[in-house]
Amino acid sequence: MSQFALIVAHDRRRAIGRDGRMPWHLPDDLRHFRALTLGGVVLMGRRTFDSLGKPLAGRENWVLTRDPAWSAPGVRVLHAWEDVRGAAAQAQLWVIGGGEVYRLALADATRIESTEIDTEVAGADTWFPAIGTSAWVELAREAHAADARHAHAFEFVSRMRRA
Ligand SMILES: NC(=O)c1ccc[n+]([C@@H]2O[C@H](COP(=O)([O-])OP(=O)(O)OC[C@H]3O[C@@H](n4cnc5c(N)ncnc54)[C@H](OP(=O)(O)O)[C@@H]3O)[C@@H](O)[C@H]2O)c1
């Protein structure tokens with residue numbers, strides 16, 4: 001069976017983006033994201049790929065798009081969620097966003113790695129879905145204070161789907 005893990009950074013209201021970008025810069029969160037996903041398969045929506053501009057190094061990059069003509073060097077292109085499920089059989093796959101793809105993936109997800117950021121972004125336009133906390137067990141929570149490099153405090157939270 002495929003194992004889908006969602007990895008996301010969101011604010012107190014579950015905002016994840018504004019104007020096609022992530023509305024914060026938290027170097028230790030980027031380091032955390034890299035450590036977890038390195039060597040694995042990352043799946044993203046075409047708009048998130050556009051915001052990155054190139055594949056993530058050291059990972060197999062999959063992009064979901066409805067456009068049959070779309071391609072990018074170093075990227076595996078998929079055109080429907082069923083194709084992702086088929087391609088991911090036996091694989092551990094990191095779903096890295098954005099909002100549309102998190103909503104598609106949530107029902108199949110068995111693990112969520114969240115960075116919960118202690119801020120409320122003004123003008124946010126993209127959101128992580130409500131997960132329904134009764135379906136999930138919180139396994140770990142690690143707090144990080146704001147500092148000279150991090151404008152906001154944040155917590156790394158690991159959740160597994162309740163059996
Ligand atoms: N904070 C975080 O952790 C985080 C993580 C990732 C992204 N983000 C932010 O999220 C925003 C982007 O998210 P988004 O919701 O706008 O877009 P997205 O989920 O990245 O990509 C949406 C695109 O995926 C394709 N797609 C969606 N459903 C599909 C389906 N069923 N079958 C085939 N293709 C499908 C479509 O591509 P086509 O239009 O090409 O058909 C659609 O336009 C940005 O602001 C980004 O910075 C934040």
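This briefing looks at the ligand site and the strand pairing next to one another. The model is predicted, so to speak for local features a pLDDT of at least 70 is needed, side-chain atom pairs count only at pLDDT 80 or more, and totals for chains, interfaces and linings use all residues. Residues are numbered from 1 along each chain as its sequence is written, and side-chain values use heavy atoms, with hydrogens and water left out.

**Shell around the ligand**
- Of the 28 residues around the ligand (a heavy atom within 4 Å), Ala9, Arg46, Thr48, Thr65 and Arg66 come nearest.
- Eleven residues of this shell are nonpolar, ten are polar and seven are charged, with Gly counted as polar and Tyr, Cys and Pro among the nonpolar ones.
- With five residues, α4 gives the largest share of the shell; helices here are DSSP runs (H or I) of at least four residues, and strands (E) of at least two, numbered from the N terminus.

**Polar contacts** (N or O pairs within 3.5 Å)
- The side chain of Thr65 has an N or O atom 2.6 Å from a ligand oxygen.
- Polar backbone atoms also take part: that of Val101 is 3.3 Å from a ligand oxygen, and that of Met22 is 3.4 Å from one.

**Strand pairing** (at least two DSSP bridges between strands)
- Four bridges link β1 with β6 (residues 92–95) in the parallel sense, and Ala5 has Trp94 in β6 as its bridge partner.
- β3 (residues 41–45) runs parallel to β6 over three bridges, where Val41 stands opposite Leu93.

Definitions and conventions
A polar contact is a pair of N or O atoms within 3.5 Å; within protein, one must be able to donate a hydrogen and the other to accept it, and residues adjacent in sequence count only if both atoms are side-chain atoms.
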